[in-house]
Amino acid sequence: MPKNLKENEEWLLSFYRTSEISGALFFGRLCKSLRPGPVQHDMSKHFADEAQHAWLWTDCISKLGGNALKLADAYQDQYLSVAGMPANVMEILALTHVFEKRVIRQYALHSRVPDLNPEISATLGKIMDDEHWHLSWVHDALLRMQPEYGKEYIEQTVKRFWEADQEVYKRTMSEHEERVRDLGMLAPETKNQD
Ligand SMILES: [Fe+2]
Ligand SMILES: [Fe+2]
């Protein structure tokens, strides 16, 4: 089968796939320890989605004649070393909120690349619908947690992970600048966290 992927594209889609796998495993593991309730319900759908996304990228890469590369680390693995371990479910959701925003921003950026292969564009479209829902259920869950944790503590936690995300993103971009530049995807960073 002829390869219909640039080398840098194959790498980036593999990077997305690795990140989706890490997300599925992280939330899947967490789900086993949650008590019955709306967070348990929504997080079960969330991890099933992330597992499906890993499959969609695997399938997309293979339809384009490429190989899903074996990569060591996922983007979000670096969060914990920068911001520290989340201490409770609220902190995990705060981290998730920040991360899902990053994912949506990255996928939106990728979908605007000129002359994007239709297979990649369709895969991005399918995945983005789910990613928007991820952001929205986590947002609602954090609102419901306000009486228990306090608005200020929740906002501070989101800010802490948002700062960590900025640092990890800068690091990732400078590490992979050449690949990203080659694909026409160097993005201006937004200044606020919304
Ligand atoms: Fe995903
Ligand atoms: Fe997601």
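## The site of iron ion (ligand 2)

In this predicted model, the iron ion (ligand 2) is coordinated by E50 (OE), E100 (OE), E100 (OE), E131 (OE) and H134 (ND1), at 1.9 to 2.5 Å. Donors are N, O and S atoms within 2.8 Å of the metal (3.2 Å for Na, K and Ca); water is not among the atoms, so sites may look incomplete. Along the sequence, the donor residues follow the spacing E-x49-E-x30-E-x2-H. E50 belongs to helix α2 (residues 38–63) and E131 to helix α5 (residues 118–144), so the pair ties together parts that are 81 residues apart in sequence. Helices (H or I, at least four residues) and strands (E, at least two) are DSSP runs, numbered from the N terminus.

E50 is buried, with a relative accessible area of 3%, and E131 is likewise buried, at 1%. Buried denotes under 20% relative accessible area, exposed over 50%, and partly exposed in between (1.4 Å probe, protein chains only).

## The site of iron ion (ligand 1)

E50 bridges the iron ion (ligand 1) and the iron ion (ligand 2), and the two ions are 3.6 Å apart.

Helix α2 contains both E50 and H53, 3 residues apart, about one turn of the helix. H53 is buried, with a relative accessible area of 0%.

## Packing of α2 against α4

The axes of α2 and helix α4 (residues 89–111) come within 14 Å and cross at roughly 35°. Axes are lines fitted to C-alpha atoms, for helices over the stretch in contact, and angles run from 0 to 180 degrees between N-to-C directions. The crossing of α2 and α4 is left-handed, a term applied if the near helix is turned anticlockwise from the far one by less than a right angle; clockwise gives right-handed.

On the α2 side, the contact is made by V39, M43, H46, E50 and W57; on the α4 side, by V89, L93, T96, E100 and Y107. Contact means heavy atoms within 4.5 Å.

## Aromatic and charge–ring interactions

Across the whole structure there are 7 aromatic pairs. One of them, F26 with F27, is edge-to-face, at 5.2 Å centre to centre and 75° between the planes. Rings of Phe, Tyr and Trp (its six-membered ring) pair if their centres lie within 6.5 Å; planes under 30 degrees apart count as stacked, over 60 as edge-to-face and the rest as tilted. F26 is partly exposed at 33% relative accessibility, whereas F27 is buried at 5%. Y16, W57 and Y107 form one aromatic cluster.

The charged end of K45 sits over the ring of W133, 5.7 Å from its centre. That of R102 sits over the ring of Y169, 3.6 Å from its centre. The criterion is NZ of Lys or CZ of Arg within 6 Å of the ring centre and within 35 degrees of the ring normal.

## Surroundings of M128

M128 is located in helix α5 and is buried, at 15% relative accessibility. Leaving aside neighbours within four places in sequence, M128 is in contact with I104, Y107, A108 and S111.

## Conventions

Residues are numbered from 1 along each chain as its sequence is written, while chains are lettered from A and ligands numbered from 1 in the order in which they are written. Local features need pLDDT of at least 70, side-chain atom pairs count only at pLDDT 80 or more, and totals for chains, interfaces and linings use all residues; side-chain values use heavy atoms, with hydrogens and water left out.
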